[in-house]
Amino acid sequence: VQYQVPAGLEQIEWLGLGPVENYNDRKSCARMGRWQSTVTDQYVPYIMPQEHGHISVLQQMSVRNQKGRGFDINAETHCEANISHFTSEHLNACKHTVDVKADKQSYLNLDAAHRGLGTGSCGPHTLDEYRVHPGQYRLSYTMNPV
């Protein structure tokens, strides 16, 4: 599920793996805890622009402005997320970091499942155990204004 988040909601706090980005096959670099950051600081300037700032095992997330207004998310099922000033489509169209242009608003992605890293485009493919296979997945969460 992708939400377009209004400009100004820059402060994020989450209960989940962190403080660094982490993926299904890269969880050993992260610890379970409550973490704070900003949407801007979630960006990782990979030479080849791509998704960044992923959070696994997300249980709660707050997205707020400087005055503390925004919204809270409470995951009722397994949830993964990222929030960025870039759409996936924009990042996929960029060839280098100089092509990346941030939007004022943000884009919040919530996933029931997310594959591990690697697509085979410039290295090995994602190991089978970290791919998302056909099946039924459930994503359940509440979102409340604050």
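Visitor: What makes E2 and strand E3 (residues 31-38) a pair?
Guide: Two strands pair if DSSP finds at least two bridges between them. E2 and E3 have 8 bridges in the antiparallel sense, so they meet that rule. Leu17 stands opposite Met32 in E3. This is a predicted model: local features need pLDDT of at least 70, side-chain atom pairs count only at pLDDT 80 or more, and totals for chains, interfaces and linings use all residues. Residues are numbered from 1 along each chain as its sequence is written, and side-chain values use heavy atoms, leaving out hydrogens and water.

Visitor: What is E2, and why is it called mostly covered?
Guide: E2 is a strand, residues 11-18. A strand is a DSSP run of E with at least two residues, and strands are numbered from the N terminus. Buried means under 20% relative accessible area, exposed over 50%, and partly exposed in between, with a 1.4 Å probe and protein chains only. In E2, 6 of the 8 residues are buried.

Visitor: Which strand does E2 join through 5 bridges?
Guide: Strand E4 (residues 60-64), running antiparallel. Leu15 has Gln60 as its bridge partner in E4. E4 in turn has 5 antiparallel bridges to E5. There, Met61 stands opposite Ile73.

Visitor: What is the strand order of the 5-strand open sheet, and what makes E3 and strand E8 (141-145) its edges?
Guide: The order is E3-E2-E4-E5-E8, with antiparallel pairing. E3 and E8 each have a single partner strand, so one side of each has no neighbour in the sheet. The twist averages 15° from one strand to the next. Angles run from 0 to 180 degrees between N-to-C directions of axes, which are lines fitted to C-alpha atoms, for helices over the stretch in contact.

Visitor: Which strands form the 3-strand open sheet?
Guide: E1-E7-E6, in that order, paired antiparallel. E1 and E6 are the edge strands, each pairing on one side only. E1 and E7 are joined by 4 bridges, and Val5 stands opposite Ser106 in E7.

Visitor: Why is Glu10 said to have no salt bridge?
Guide: A salt bridge needs a side-chain nitrogen of Lys or Arg within 4 Å of a carboxyl oxygen of Asp or Glu. Lys and Arg count as positive, Asp and Glu as negative; His and the chain ends are not counted. For Glu10, the nearest side chain of opposite charge is Lys104, 12 Å away. Beyond its neighbours within four places in sequence, Glu10 contacts residues including Arg64 and His85, where contact means heavy atoms within 4.5 Å.

Visitor: What makes a group of residues a nonpolar core, and how many residues has the largest one?
Guide: The members are buried Ala, Val, Leu, Ile, Met, Phe, Trp, Tyr and Cys residues, joined through side-chain atoms within 4.5 Å. The largest core here has 18 residues. Those with the most contacts inside it are Leu58, Met61, Val63, Leu108 and Leu110. E2, E4, E5, E6 and E7 each supply at least two of the core's residues.
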